[in-house]
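Please look through the sequence and the structure shown here. The paragraphs that follow go through the ligand site, the salt bridges, a surface patch and some details of the backbone.

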Amino acid sequence: MKVKCLIIGSGPAGYTAAIYASRANLSPVLIEGPQLGGQLTTTTEVENFPGYPDGIDPFTMMDDMRRQAERFGTQFVSGIVTKVDFSVSPKKVIVEDEQEYEADAVIIATGASARYLGIESERTYRGRGVSACATCDGFFYRKKTVAVVGGGDTACEEANYLSGLCEKVYMIVRKPYLRASEIMQQRVLTNPKIEVLFEHNTLQLTGEGKVQGADLIYRKGESDEEIRHIAIDGFFLAIGHHPNTELFKDYIARDAEGFIITRDNSTQCYQSPITNDQSPILPGVFAAGDCADPHYRQAVVAAGSGAKAAIEADKYIKSL
Ligand code: NDP
């Protein structure tokens with residue numbers, strides 16, 4: 001099937017791109033992917049997206065965005081993109097190994113996934129005390145005790161943010177030092193509400209129906225190894241995110257972490273491999289949202305970049 005504009009991903013970036021592309025008469029097709037609504041649907045309530053003064057549950061918000069795109073003519077396809085070929089024009093996108101699309105412009109909005117530790121109880125308590133986003137969920141833990149896992153800049157930032165809301169914040173750090181930048185380390189180490197538990201790993205979370213505690217192991221494998229228990233109400237993962245961009249690696253440039261590199265102030269992608277700042281643009285391929293954003297990871301920012309991508313795709317298509 002030949003289309004003008006194909007959008008991959010159904011988070012705020014993908015749906016916003018679809019709203020703009022359909023209003024520009026590009027009749028976009030949006031491939032919805034494995035997690036309808038994207039990462040946002042892993043949180044409990046959205047309170048920081050402008051326009052919802054009383055907050056909104058993420059499923060309703062994403063469904064609203066989807067219906068808004070549908071109203072202007074976006075066509076939705078459920079399935080996973082299994083292969084792309086961006087070496088040709090129009091670009092080729094294959095869904096579930098069988099449906100082939102040819103598109104003048106492709107907008108990649110595949111998002112990023114939070115890393116989890118991989119312990120069983122993390123899944124058991126997801127949405128019931130386990131979160132990977134302090135900015136999204138911290139508010140529900142006002143005056144409570146929480147733990148943040150990780151020792152990088154994100155973990156320090158989240159611990160500091162949570163210390164403004166919570167009674168106490170533990171940081172569970174597997175090494176005897178923090179990996180974060182000096183300034184972030186100082187903020188954490190001088191914050192009286194934060195207690196850093198160095199050389200601790202999480203064994204399991206405990207609680208009746210929700211997180212009430214965590215069993216940790218101190219100095220695993222050493223002669224002074226010890227199992228310790230902390231009482232907590234919330235458990236925040238901050239051990240990094242991985243962008244969902246593997247599929248595109250042969251065609252578009254990504255940074256060392258896998259985030260898509262876009263041109264300054266634009267959503268245009270560069271050809272892979274990137275050699276220097278002069279690496280050529282890959283015409284007709286645009287990236288929006290968390291798959292190209294290692295910094296903000298906010299729905300409103302993703303939505304904004306989705307709008308930019310659609311405007312740029314429209315301009316590109318009109319130039320053909
Ligand atoms: P990082 O990769 O920098 O840090 C991840 C942290 O999680 C490390 O402390 C790591 O431990 C720990 N970790 C990883 N896996 C596990 C595990 N299985 N069990 C326990 N701990 C684990 O990720 P960030 O998200 O913090 O940062 C990503 C990038 O974004 C960095 O370059 C960072 O500097 C940047 N950033 C900058 C900010 C700013 O400038 N304000 C804010 C946020 C991020 P270990 O050290 O032992 O490997």
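A polar contact is a pair of N or O atoms within 3.5 Å; within protein, one of the two must be able to donate a hydrogen and the other to accept it, and residues adjacent in sequence count only if both atoms are side-chain atoms. The model is predicted, and for that reason local features need pLDDT of at least 70 and side-chain atom pairs count only at pLDDT 80 or more, while totals for chains, interfaces and linings use all residues. Residues are numbered from 1 along each chain as its sequence is written, and side-chain values use heavy atoms, with hydrogens and water left out.

We begin with the ligand. A polar side-chain atom of Lys-175 lies 2.9 Å from an oxygen atom of the ligand. For Arg-174, a polar side-chain atom is 2.8 Å from a ligand oxygen atom. Gly-152 takes part through its backbone: a polar backbone atom of this residue is 3.3 Å from an oxygen atom of the ligand. Taken alone the ligand exposes 910 Å², of which the protein buries 70%; accessible areas come from the Shrake-Rupley method with a 1.4 Å probe, and for residues only the protein chains shown count as cover.

How many residues surround the ligand? There are 13, and the closest are Gly-151, Asp-153, Thr-154, Arg-174 and Arg-179. A residue is counted as near a molecule or strand if one of its heavy atoms lies within 4 Å of it. The shell divides into 3 nonpolar, 5 polar and 5 charged residues. In this division Ala, Val, Leu, Ile, Met, Phe, Trp, Tyr, Cys and Pro count as nonpolar, Asp, Glu, Lys and Arg as charged, and the others, Gly among them, as polar.

Next come the salt bridges. Side chains of opposite charge can pair when their charged atoms come close. A salt bridge is a side-chain nitrogen of Lys or Arg within 4 Å of a carboxyl oxygen of Asp or Glu, and by this rule the count comes to 13. One of them joins Glu-195 and Lys-168, at 2.7 Å from N to O. Glu-195 lies in strand β11 (residues 194-198) and Lys-168 in strand β10 (residues 168-173), so this pair ties together parts that are 27 residues apart in sequence. Helices (H or I, at least four residues) and strands (E, at least two) are DSSP runs, numbered from the N terminus. Glu-195 is partly exposed at 35% relative accessibility, and Lys-168 is partly exposed at 25%. Here buried means under 20% relative accessible area, exposed means over 50%, and partly exposed is in between (1.4 Å probe, protein chains only).

Salt bridges that share partners also join Asp-63, Asp-64 and Arg-67 into one network. Arg-67 pairs with Asp-63, with the closest N and O atoms 3.7 Å apart. These two residues are 4 residues apart in helix α2 (residues 58-71), so about one helical turn separates them. Arg-67 also pairs with Asp-64, the closest N and O atoms being 3.0 Å apart. Asp-64 and Arg-67 are 3 residues apart in helix α2, so about one helical turn lies between them. Arg-67 is partly exposed at 49% relative accessibility. Asp-63 is partly exposed at 38%, and Asp-64 is partly exposed at 25%.

Which residues form a nonpolar patch on the surface? Tyr-296, Val-300 and Val-301 do, with about 270 Å² of accessible area together. Patches are made of residues with over 30% relative accessible area and no salt bridge; like charges are joined within 9 Å and nonpolar side chains (Val, Leu, Ile, Met, Phe, Trp, Tyr) within 5 Å. Val-300 lies in helix α7 (residues 299-319), and its relative accessible area of 38% makes Val-300 partly exposed.

Some backbone details remain. The peptide bond from Ser-89 to Pro-90 is cis, with omega near -5 degrees. Pro-90 is in the loop between β4 (81-85) and β5 (91-95). The loop between β5 and β6 (99-108) holds Glu-96, which has a positive phi of about 50 degrees although it is not a glycine. Asp-97 is also in the loop between β5 and β6, and Asp-97 has a positive phi of about 65 degrees without being a glycine. Glu-96 is partly exposed, at 39% relative accessible area, whereas Asp-97 is exposed, at 62%.
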